[in-house]
Structures are given as C-alpha cells and as structure tokens.
Amino acid sequence: MRKFILIATLLFTGSALFAQKKITTSGTVAFDATTGFDDLAKAENKTVIGAINTTTGVIQFEANVKNFTFGNPTMQGHFNGTKWMDSEQFPKMTFNGKVADLSKVNFTKDGTYTVTVAGDLTVRGVTKSFTTTGTIAVKGSTVNINAAFKVKCADFGIANVSIESGKVSREPTVTVSAELK
Amino acid sequence: MMPNQPNTNSTARLLLIISGILLLAGFFLPWVSWEGSKLAGFDMATGNFFRTSEKKFSLGNPFPQFNFAFALFWMVPILSLFVIVLTIKGRVLPFISILAGMLALGLVTAYILFTNILLDLGVGRSLWGSLCFGIFITIPAAICMMLASLPAKKRWEGLAFVIAGPLLAWLSFMLVSNYIEKEKFKDPLHGKSDYSVNAMQFINEFRLSDSTANKKYNEKIITVTGRVGEIEAADTTMNIKFIDTTTGSYAIFAFQQDHLGEARSLTVGDSVSLKGSCSGGVYSDILETEFISFKRCALVKKF
C-alpha cells in the first residue's frame, strides 16, 4: 500500500512538473461590428490575459470589458451601457476551452498548426458553447495564438433597434491574438 | 417677415383660444416614455430631460454649458397664456402665436429625434410606441395657433413658420450629431488628472475593495507613479506594468500609437509617472490576482 502511494505521488508530481502553462497579460481581442451605415462600432483591448496549458490543451482568456478602446467617446459610452455590454454589471468576458486536436501540435518544434478550439464563451453574463478554428504558432519557447470568428449578438442577449436596422452588425467579427511565454 | 395683419375672425379667435389652452396643457402632459420614465415638454425647460437620459441611459447633454438655454422653452406656456388672454380681450398678435408655435414644434422635433437616438441604444421597441398623448395634442395645437392668428390670405405663408421650427431643430440636431460622431478622445497629456497616486497604494486600494476603488477611479484620468515592473509587446503596441510583487496584482497601461515611442524608451526598473484612462480593476481567475487596466496611456515623466 505504501509503495502504491509513493508511486502515485511520484506520478502526480511528475506530470505536474511537465505541465507547461504559458501566459500573457497583453493579449489582443478586437471586434468589428461596422456596417455600411456606421463605421464607428469597432474596438480593441490589448490587456487581455491569456493562458494555454501545453500538456492538457486548456486555453483561457479574460478581458476587462471596460478596457475596449474606441476611437469615438460616445460609441465607447454606448458599448459599456446597460443596453449593450453592461460592463458595470458584467465587467469581464471570458473564454475557457480546450484544443480539440492537441495531438496536431508539437510544442517542441517550431511551426504553425491549425487547430480547433472548443469551450465556453461568457459575454454579458451569458455562457455559450463555442467552437472555432485558429492557429498555434510555436517559435522556441513562445506560443502565438491567433483566431478570427463571428459571434451572434443575440446569443448574448444583445438585441436592439440598431442591430435590427443594420446600423450595427448582427454578427461582429472577433479577432484574437496573443503571444504566450 | 412676420405678417402684420392679424386675423380677427370670430372662428379664428375661438381656434386661438382652444389651441392656446391645448398647447398650455400639452406642455405639462407626457410627450415621450423611455422605459417607464414619462417626460413632458416642461422637462426640457427644467433640465430633467437630459438628467433622465444621462442617469438611465448614460446619454447626457453633449454641451452641458448651455443647459441654461433650455429655460427658453418656458416661453411656450407663457406665450400660450398671453395668446389666450389677449384673444379674450379682443387682440390678436400673430407674432406671439407664431413664436409659441415655432418653439413648441421645435421642441417636439427635438424629443422625437432624441427618442430615435435612444432607440438605437436599445431603449424601447419603436418610435410610435415611445410617444405619449401630450405630443399628439401639442402638434395640432401649435399648428392651429400659428395659422389661426393669420388672415386667410396669409395662411400659405404661415406654413413656412410651421416648417421653420422643426427645420431649425432638425438642423441643430444634425450639427450636434455630426460633432459627436467626429469627436475623438483628447490626448491624455492634455488636461488635468482626476487623481495622482502612488502605484503600490493604488493597487492596494483595489485589493482591499475593488468595488469601492472602481467607483472612485473608473473612467477617470489618473497619473500613477511607480517603478516599471514589466514591459510587454501587445500586437503592434506596448504595455507597461506596475506590479505588486508580494501579491502579483498589477496595473497595466496600454500605450497607443501616438505615445508608443515613450513606451519604447522605458526599461524595467525605471521610475516613471504614467497617465491614462482607468478602466477599473477585475479579479483574474487565471492569475488568481487583481489587475487594473488603463487605456489611452502616455508617459508623463521619467525620473
């Protein structure tokens, strides 16, 4: 019994030592909800926290909603308002997921790998299952994650006349880029 | 040019009295309803119009320095009262009726255009659904008061005055909208900081109570002085961090293109003052620590 506990402890400690969590606090998430009627609805946040566990393939992102930067002050005010992101009530947006096809990626070899990521995206307090494709680029000990996808505003309880009338896109394009070390 | 031949016809005088009463009453009845907040014509004159839109929907008067000018709309009930009294006494002064009508219709236009903006923000489902009976009394009353004060021959000319109020209001609204759409954020280095703080004390305030600190600092321009803990590339720009090494909590300053050169001149360990717009603090579940974000940042001083 003692032997078993010793072996189990060694195995657990060993796997923990090999687990590699790469992190950034300067990831970028940008979204573009512009349409032919309105070109102001776009912003980016460059202080996004991102992490990937190269052993398990777990990917996480966290963004302070209020740190999305717009060119126009009024648009930024609207974005944070109760009818849109309601950032006072829901200050954070998060993604918690996993690389579905982690075996494709060799973290010890430089290269760019196209992967599928599936997980939970939480925006405005609403969590939705979400799957997208993206790339993982390995260069030495650095891992670059890039993805571009569309999200439906209505999935996160954002529905109003601006969207219905086509002034703001129903499905903004979101781009994510992060250099994790 | 204002018509100078008043209409003394008895039907016209009766219409003037009725429209005067309706315009006066309509001014104090609800014109629009924004998610349960009913606003009458006089709410613009008292300033409650923009107070309500700012408090409920974060959309205030873009030129608050001119708030005093809205008192002008008290002229609508005052002039309506004049019209009623003067008409009863047998005098018809078209100038007064036309001015009251123009102001009322201009105000109606402003309410409709502003309600349309709120619809864009998600307030209400339709314009018609947001309008209240006060506005439907005011519109015909104002038109009737203007036209009834004029002699029959001049009524077609009177239509120009009917259109003038809404047209002026619409033009003013478009000018303001255009200004707002083209407005840019001011450079953080221009203008005073709301707060000047020490980095470690600042981070500690958020650690102790981020709700209190967020209330105090959110969207304020703050100058933070401390030692650079980390410099990170963020896509094509740079972020500078002050880090509380005992807890791992940090404040991060995102430098935009305009001030990128300043960020590049810094190295870890430099003592600096950074200025930016505080986006508040959030607890990170990934890092299990508090992080405070800043946007539109600039270097104030390197010691």
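Strands β3(A) and β4(A) pair in the antiparallel sense over seven bridges, two strands being paired if DSSP finds at least two bridges between them. Within this pairing, A:Q60 stands opposite A:N96 in β4(A). The model is predicted, so local features need pLDDT of at least 70 and side-chain atom pairs count only at pLDDT 80 or more, while totals for chains, interfaces and linings use all residues. Residues are numbered from 1 along each chain as its sequence is written, and chains are lettered from A and ligands numbered from 1 in the order in which they are written.

**Chain A: barrel and overall composition**

- Eight strands of chain A form a closed barrel in the order β1-β2-β3-β4-β5-β6-β7-β8, with antiparallel pairing.
- Chain A holds three helices and eight strands, where helices (H or I, at least four residues) and strands (E, at least two) are DSSP runs numbered from the N terminus.
- Read from the N terminus, the elements of chain A follow the pattern α-β-β-β-α-β-β-β-β-α-β.
- Of the 181 residues in chain A, 39% are buried; a residue is buried if 20 or more other C-beta atoms lie within 10 Å of its own, exposed if 12 or fewer, and partly exposed in between, with C-beta atoms placed from the backbone.
- Among contacts in chain A between residues at least 6 apart in sequence, 56% join residues at least 24 apart; two residues are in contact if their C-beta atoms, placed from the backbone, lie within 7 Å.

**Chain A: the loop residue A:K109**

- A:K109 is located in the loop between β4 (92-99) and β5 (111-123) of chain A.
- A:K109 counts as exposed because it has 8 C-beta neighbours inside 10 Å.
- From C-alpha to C-alpha, A:K109 and A:F37 are 46 Å apart in space, and they are 72 residues apart in sequence.

**Contact between the chains**

- The contact draws 30 residues from chain A and 32 residues from chain B.
- On the side of chain A that touches chain B, at least two residues each come from β1 (21-32), β2 (42-53), β3 (58-64), α2 (73-80), α3 (161-164) and β8 (173-180) of chain A.
- By class, that side of chain A has six nonpolar, 17 polar and seven charged residues; Ala, Val, Leu, Ile, Met, Phe, Trp, Tyr, Cys and Pro count as nonpolar, Asp, Glu, Lys and Arg as charged, and the others, Gly among them, as polar.

**Chain B: sheet and the helices on it**

- Chain B contains an open sheet of seven strands in the order β3-β4-β8-β9-β7-β6-β5, with mixed pairing.
- The edges of the sheet are β3 (195-198) and β5 (230-234) of chain B, each with a single partner strand, so one side of each has no neighbour in the sheet.
- Neighbouring strands of this sheet are turned by 35° against each other on average, direction ignored.
- Strands β7 (residues 250-255) and β9 (residues 289-302) of chain B pair in the parallel sense over five bridges, and the bridge partner of B:I252 in β9(B) is B:S293.
- Helix α9 (residues 199-208) of chain B lies across β3, β4 (221-227), β6 (237-243), β7, β8 (271-284) and β9 of chain B, and runs at about 95° to β3(B).
- Helix α10 (residues 210-217) of chain B also packs on the sheet, where it touches β3, β4, β8 and β9 of chain B, and its direction makes about 130° with that of β8(B).

**Chain B: helix packing**

- Helices α1 (residues 10-27) and α7 (residues 133-148) of chain B pack at an angle of about 145°, with their axes 8 Å apart.
- By class, the contact of α1(B) with α7(B) has 11 nonpolar, five polar and no charged residues.
- Of the 27 residues of α5(B), 20 are buried, so this helix is largely enclosed by the rest of the structure.

**Chain B: positive phi in loops**

- B:E35, in the loop between β1 (30-34) and β2 (37-40) of chain B, has phi near 45°, a positive value in a residue other than glycine.
- B:E288, in the loop between β8 and β9 of chain B, has phi near 55°, likewise positive in a residue other than glycine.
- B:E35 is partly exposed, with 13 other C-beta atoms within 10 Å, and B:E288 is exposed, with 9.

Terms used:
Axes fitted to C-alpha atoms, helices over the stretch in contact; angles between N-to-C directions.
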